[in-house]
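This report describes the fold and the packing of one protein chain.

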Amino acid sequence: SGHTLLVRRHFQVSGSGANTGVVVITQPIDSLFTQTRTVLVAGAGGGFDVIAGLPIALSLLNAGHQVHLANLTFMPLGAVEGGKKLDEVTVEVHANCRIRESYAPEIGLASWLRSQGMDDAVYCFRKVGARPLQAAYEMLANMLGLDAVVLVDGGVDAVLRGDEYSLGTPTFDHLSVAVASALELPVKVLACVGMGAERYDK
């Protein structure tokens, strides 16, 4: 079942009457990951959704989890130089990958990850239908040994009903939600972040 994600946050406490130090406020969501080890944080609707999920990924990483990143991509994967094709839908990109297109958020993310001394692999899914996308997710789950997936929507498209007017791009979000919910994993979470980003969806 899906859950709304509240991320663990760290606050620096100071001032009169307070002990200076780091306080960890644990949210109810943390209890979902007590038995998990390997988590996929995946962008639901493509574009920069995977980057919107970076705070979640770093929080899980700091908590001791092994974290992988993926995204439903808008990049033309056939034009990516240096990418590793895992199946007909999925391409693994790294910081050393190149593409002539100026729009490549996943490669930009990989470059940032490498600059931080982190694993720079980002898994990119082509825009396909439900069955091939689900097969790609299942392939990745088996390859990485996943026991949890956090699907990230940089906005609220993923929880819209579909009858709102002036919609943004809910189709890809809903596709990813349907696919992720069908995965046989112990923990499946839907995280809507950046509230207010969908101000034109009414």
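Does Ser176 count as buried or exposed, and at what relative accessibility?

The model discussed here is predicted. In this model Ser176 has a relative accessibility of 1% and therefore counts as buried, the cut-off being under 20%. The residue belongs to helix α5. Leaving aside residues up to four places away in sequence, Ser176 touches Ala44, Leu72, Leu133 and Leu151. Between Ser176 and Tyr137 there are 39 residues of sequence separation, and their C-alpha atoms lie 9.7 Å apart in space.

## Helix α5 and its cover

Helix α5 comprises twelve residues, 170–181. Its first and last C-alpha atoms are separated by 16 Å, close to the 16 Å expected at 1.5 Å a residue. Ser176 is one of the buried residues of α5, a list that also holds Pro170, Asp173, Leu175, Val179 and Ala180.

Which elements contribute to the cover of these buried residues of α5? Included are the helices α1 (49–52) and α4 (130–144), together with the strands β4, β8 (148–154) and β9 (187–193).

## Packing of α4 against α5

Two packed helices are described by the angle between their axes and the distance between the axes. For α4 and α5, the axes come within 9 Å and cross at roughly 55°. Because of this angle, α4 is oblique to α5. The crossing of the two helices, α4 and α5, is right-handed.

At the residue level, α4 supplies Ala130, Leu133, Gln134 and Tyr137 to the contact, and α5 supplies Leu175, Ser176 and Val179. Ser176 thus takes part in the α4–α5 contact while also counting as buried.

## Overall architecture

The chain contains five helices and nine strands. Read from the N terminus, the elements follow the order β-β-β-α-α-β-β-β-α-β-α-β-α-β. The chain has 202 residues, of which 46% count as buried. Among contacts with a separation of 6 or more, 71% are between residues 24 or more positions apart.

Seven strands form an open sheet with mixed pairing, in the order β5-β6-β7-β4-β3-β8-β9. The edge strands, β5 (84–85) and β9, each pair on one side only. Helix α2 (residues 54–62) packs on this sheet, where it touches β3 (38–43), β4, β8 and β9. The direction of α2 makes about 165° with that of β4. Helix α4 lies across β3, β4, β6, β7 and β8, and runs at about 160° to β7.

Strand β3 is mostly covered, with six of its six residues buried. In a regular strand the side chains alternate between the two faces of the sheet. In β3, one side carries Thr38, Leu40 and Ala42, and the other carries Val39, Val41 and Gly43; all are buried, so both faces are covered.

How many bridges join β3 to β4? There are six, and the two strands run parallel. Ala42 has Ala70 in β4 as its bridge partner. The pairing of β3 with β8 is also in the parallel sense, over five bridges, and here Val41 has Val150 in β8 as its bridge partner.

## Strand β7 and the remaining pairings

Strand β7 (residues 122–125) likewise has both faces covered. Val122 and Cys124 lie on one side, Tyr123 and Phe125 on the other, and all are buried. Strands β4 (residues 66–72) and β7 run parallel and are joined by four bridges, with Ala70 opposite Tyr123.

Towards β9, the pairing with β8 is parallel and extends over seven bridges; in it, Asp153 stands opposite Cys192.

Key:
Residues are numbered from 1 along each chain as its sequence is written. This is a predicted model: local features need pLDDT of at least 70, side-chain atom pairs count only at pLDDT 80 or more; totals for chains, interfaces and linings use all residues. Side-chain values use heavy atoms; hydrogens and water are left out. Buried means under 20% relative accessible area, exposed over 50%, partly exposed in between (1.4 Å probe, protein chains only). Two strands pair if DSSP finds at least two bridges between them. The expected span of a helix is 1.5 Å times one less than its number of residues. Contact means heavy atoms within 4.5 Å. Axes are lines fitted to C-alpha atoms, for helices over the stretch in contact, and angles run from 0 to 180 degrees between N-to-C directions. Angles under 35 degrees count as roughly parallel, over 145 as roughly antiparallel, 65 to 115 as roughly perpendicular and the rest as oblique. A crossing is left-handed if the near helix is turned anticlockwise from the far one by less than a right angle, and right-handed if clockwise.
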